[in-house]
Amino acid sequence: MWYSILDTLILIRDDNHMALLEILYFPDPRLRNIAKPVQTVDAGIRQLLDDMLDTMYAAPGIGLAATQINSDKRVVVIDVSEEKDQPLCLINPEILELEGVEEMEEGCLSVPGVFETVQRADQVRLRALDRDGKSVEIQAGGLLAVCIQHEIDHLDGKLFVDYLSQLKRTRIRKKLEKEQRQTNPEVDAKSSQRVI
Ligand code: K1U
Ligand code: ZN
C-alpha cells in the first residue's frame with residue numbers, strides 16, 4: 001500500500017490499485033468551492049473518474065462529486081443500479097431542462113448519518129461529456145434525476161442541507177462538529193485543517 005498527498009487531494013491506493021480518496025465533511029469550507037470546467041478529457045481525468053468510482057462504491061454511496069474529494073474539476077460519478085454495475089461518469093454536466101416536482105429523502109457522503117426530505121424536479125434533461133470526451137444527452141427521472149441534481153449542486157458549492165431551515169442546518173452542523181472532534185481531536189472541525 002502507498003500513500004500520497006498531491007495538491008491536498010488525499011489518496012490511499014491499495015495493492016489492487018484501488019484508490020480511496022478522502023471525503024470532506026460538512027461544514028468544511030472547501031465544500032463551498034465552485035468547480036471549474038474540464039478543458040480536455042485525458043488520462044488524468046479518466047484516472048480521477050476511476051478513483052472517484054472506487055471511493056463512491058466503498059463508501060458506499062450512489063453518487064460522488066469532485067468537490068467532495070477536494071478536486072476543482074466539474075466531474076461527477078453516479079450509480080443508482082441495484083447491482084452497482086451501471087457507473088455513469090459525467091464531465092461538465094449542464095442541465096438543459098427541469099420538469100415536475102418530487103420529494104425524496106436524501107443523504108450525503110459529506111453529511112454522514114443525516115437523511116432529510118428535499119423537494120426537487122423529478123425529470124431532468126442534461127448534456128455532459130462522457131469518459132471518452134463525447135457529448136451525450138441524458139433524460140432521467142426518479143432517483144437518478146434527484147441524484148444528478150444533488151451532484152451538480154456539489155459542483156456549485158451547494159449542499160442538500162442548504163434546502164433545510166437554518167435551525168435544522170445549525171443542529172446538523174453542531175452534531176457533525178461534535179462527532180469530528182470526538183473521532184479526530186487534533187483537527188479543527190470548522191476548517192477541517194489539522195492543528196499543528
Ligand atoms: O453526493 C453524495 O454525497 C452521495 C449521496 C447521493 C444521494 C443520495 C440520496 C439522494 C440523493 C443523492 C449518497 O450516496 S448518500 C448514501 C446513499 O444514499 C446510499 C448508500 C448506500 C446504498 C444506497 C444509498
Ligand atoms: Zn452529497
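Predicted model: local features only at pLDDT ≥ 70, side-chain atom pairs only at ≥ 80, totals over all residues.
P60 sits in the loop between α1 and β4. In general, most peptide bonds are trans, and most residues other than glycine have a negative phi. That brings me to N70, which is not glycine and has a positive phi, near 60°. You will find N70 in the loop between β4 and β5.

Next, the sheet. How many strands form the open sheet, and in what order? There are 5, and the order is β4-β5-β6-β9-β10, with antiparallel pairing. The edges are β4, residues 63–65, and β10, residues 135–141, each of which pairs on one side only. On average, neighbouring strands of this sheet are turned by 40° against each other, ignoring direction. As background, strands of a sheet pair through backbone hydrogen bonds, either parallel or antiparallel.

To take one pair from that sheet, β5 covers residues 75–78 and β6 covers residues 88–99, and the two pair in the antiparallel sense over 4 bridges. Helix α1, residues 43–58, lies across β4, β5 and β6. Relative to β5, α1 runs at about 40°.

Now the ligand. Which residues are the closest to ligand 1? They are I62, G63, Q68, L109 and E151, out of 13 residues that surround ligand 1. Three of these come with distances to oxygen atoms of the ligand. A polar backbone atom of I62 is 2.7 Å from a ligand oxygen. For L109, a backbone N or O atom lies 2.7 Å from an oxygen atom of ligand 1. With E151, the side chain supplies the N or O atom, and the distance to a ligand oxygen is 2.6 Å. Ligand 1 taken alone exposes 530 Å², and the protein buries 78% of that.

As for what the shell is made of, by class it has 5 nonpolar, 6 polar and 2 charged residues. Helix α2, residues 142–155, gives the largest share of the shell, 4 residues.

My last stop is E116, which lies in strand β8, residues 116–120. What does the side chain of E116 make a polar contact with? The partner is the side chain of K168, at 3.1 Å. Apart from its neighbours within four places in sequence, E116 is in contact with M104, E105, E106, F160, L164 and K168.

That is the tour.

Methods: Residues numbered from 1 in each chain as written. Chains lettered and ligands numbered in written order. Heavy atoms only, no water. Near = heavy atom within 4 Å. Polar contact = N/O pair within 3.5 Å; in protein donor to acceptor, adjacent residues only side chain to side chain. Areas by Shrake-Rupley, 256 points an atom, 1.4 Å probe, with all protein chains shown as cover. Nonpolar A, V, L, I, M, F, W, Y, C, P; charged D, E, K, R; others polar. Pairing = 2+ DSSP bridges. Axes fitted to C-alpha atoms, helices over the stretch in contact; angles between N-to-C directions. Contact = heavy atoms within 4.5 Å.
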